[in-house]
Amino acid sequence: LRLEMALGTMEIGLTGMVRTETVEEVVPGENGEEDSVTTSELAVPKLGLDWSAGIWELDFTAEASASFQDETRLSKFTAGDREVLIQAAGGVSYTHKYSAEDFLVVGVEYFFNPDGHDSKGDYPDLFQSGGFTPFYMGKHYGAAYLALPGPGTWDHTNFNISNIANFSDMSFVSRFDYSVSVLTYLTVQAYAQVHYGEPRGEFRFGLAANEFFPGSPEIPNQLYTVGVNLRIDM
C-alpha cells in the first residue's frame with residue numbers, strides 16, 4: 001500500500017507492506033535424543049517513508065524503513081513482542097545543463113544499516129552459513145556517481161561512473177558503465193569495475209585455503225569484474 005503527496009517542491013511517499021518469512025526454532029532433545037527443528041510462518045510488517053525536494057539547484061532525497069521482525073542482530077527498538085529494525089538513507093544530486101540539449105548529473109548518497117557489522121571478522125562464518133548479503137554487511141555506506149546521458153551528438157549512448165564504499169570495513173568498488181542503442185530495439189551494455197581497500201572486506205572478499213574445512217580451495221580477494229549484456233526491448 002503506497003500513499004504519495006506533493007507539497008510545493010517536495011514529494012512525500014508512505015509505503016506499507018507485509019511479507020511472510022519462515023522462522024526456524026531448535027528444540028533441545030530430551031533423554032539423549034537429538035535436537036529437532038521446527039518451522040513456522042511469521043508475518044513481517046514493514047513501513048517506509050521517502051522524501052524528496054528541490055532546493056536551489058540541488059535535489060535532496062531521504063528515505064527510512066522500519067521492519068517489525070521476530071528478532072534482529074542489533075535491535076534498538078521494540079514494539080510489543082517484535083523487534084524493530086530501522087534503516088535510513090539520504091542523498092543530494094546536482095544536474096548541470098552544459099548545452100541546449102545536454103546535461104550531466106553528479107550525486108552522493110549515504111546509507112545507515114544498524115543491523116550490519118562493524119568489521120570483516122564475521123564474514124567467513126556468514127558466507128559459510130548463507131548469511132552473507134552483499135550491500136548490507138556493513139553499518140555505514142557511502143556512494144558517489146556521475147551520469148552522462150547522450151552527450152553531444154551521441155544521443156543513443158550513455159556513460160555512468162559510480163563508487164560504493166563500505167566504511168565499516170573500508171572496502172570499495174568503483175564501476176564504469178557504458179550503453180549504446182545500436183538498433184531501435186537492441187541495446188549493448190558493458191561495464192568494468194575494480195575492487196580495492198581492505199582485503200577480505202565486503203567488496204574485496206576472499207577466503208584462505210582450508211578455511212572452511214580441510215582441503216577447501218582458496219577464494220582470492222576480488223580485484224576486478226567485467227561484463228557485457230545485450231538487451232532487446234519488445
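Here are legends for a few close-up views of this predicted model.

View 1. Let's start on the inside. In soluble globular proteins, nonpolar side chains tend to be buried together. Zoom in on L126 and you'll find it in contact with H117, G131, F132 and M137, once neighbours within four places in sequence are set aside.

**View 2. Strand β12 and its partner.** Next up is β12, which covers residues 224-232. The number of buried residues among its 9 is 0, so this strand lies largely in the open. Its partner here is β11 (residues 186-197); the two run antiparallel and are joined by 9 bridges. To see how they line up, look for V194, which stands opposite Y224 in β12.

**View 3. A glycine in β12.** G227 sits in strand β12. Is G227 buried or partly exposed? With a relative accessible area of 22%, G227 is partly exposed, since buried would mean under 20%. Leaving out residues up to four places away in sequence, G227 touches Q189, A190 and Y191. Take Q189: along the chain, G227 and Q189 are 38 residues apart, yet their C-alpha atoms are separated by 8.4 Å.

View 4. M234 belongs to the segment after β12. At 95% relative accessibility, M234 counts as exposed.

View 5. E198 lies in the loop between β11 and β12, while K120 lies in the loop between β7 (103-112) and α1 (123-129), so the pair ties together parts that are 78 residues apart in sequence. Both ends are partly exposed: E198 has 39% relative accessibility, and K120 has 28%.

**View 6. A salt-bridge network, plus another pair.** R2, E4 and D50 are linked in a network of salt bridges. Within it, the side chains of R2 and E4 meet at 2.8 Å, N to O. R2 is partly exposed at 42%, whereas E4 is exposed at 57%. Elsewhere, D177 and R175 form a salt bridge, also listed at 2.8 Å from N to O; R175 is partly exposed, at 29% relative accessibility.

Note on methods: Residues numbered from 1 in each chain as written. Predicted model: local features only at pLDDT ≥ 70, side-chain atom pairs only at ≥ 80, totals over all residues. Heavy atoms only, no water. Contact = heavy atoms within 4.5 Å. Buried < 20%, exposed > 50% of the residue type's maximum accessible area, 1.4 Å probe, protein only. Helix = DSSP H or I, 4+ residues; strand = E, 2+ residues; numbered from the N terminus. Pairing = 2+ DSSP bridges. Salt bridge = Lys/Arg side-chain N within 4 Å of Asp/Glu carboxyl O.
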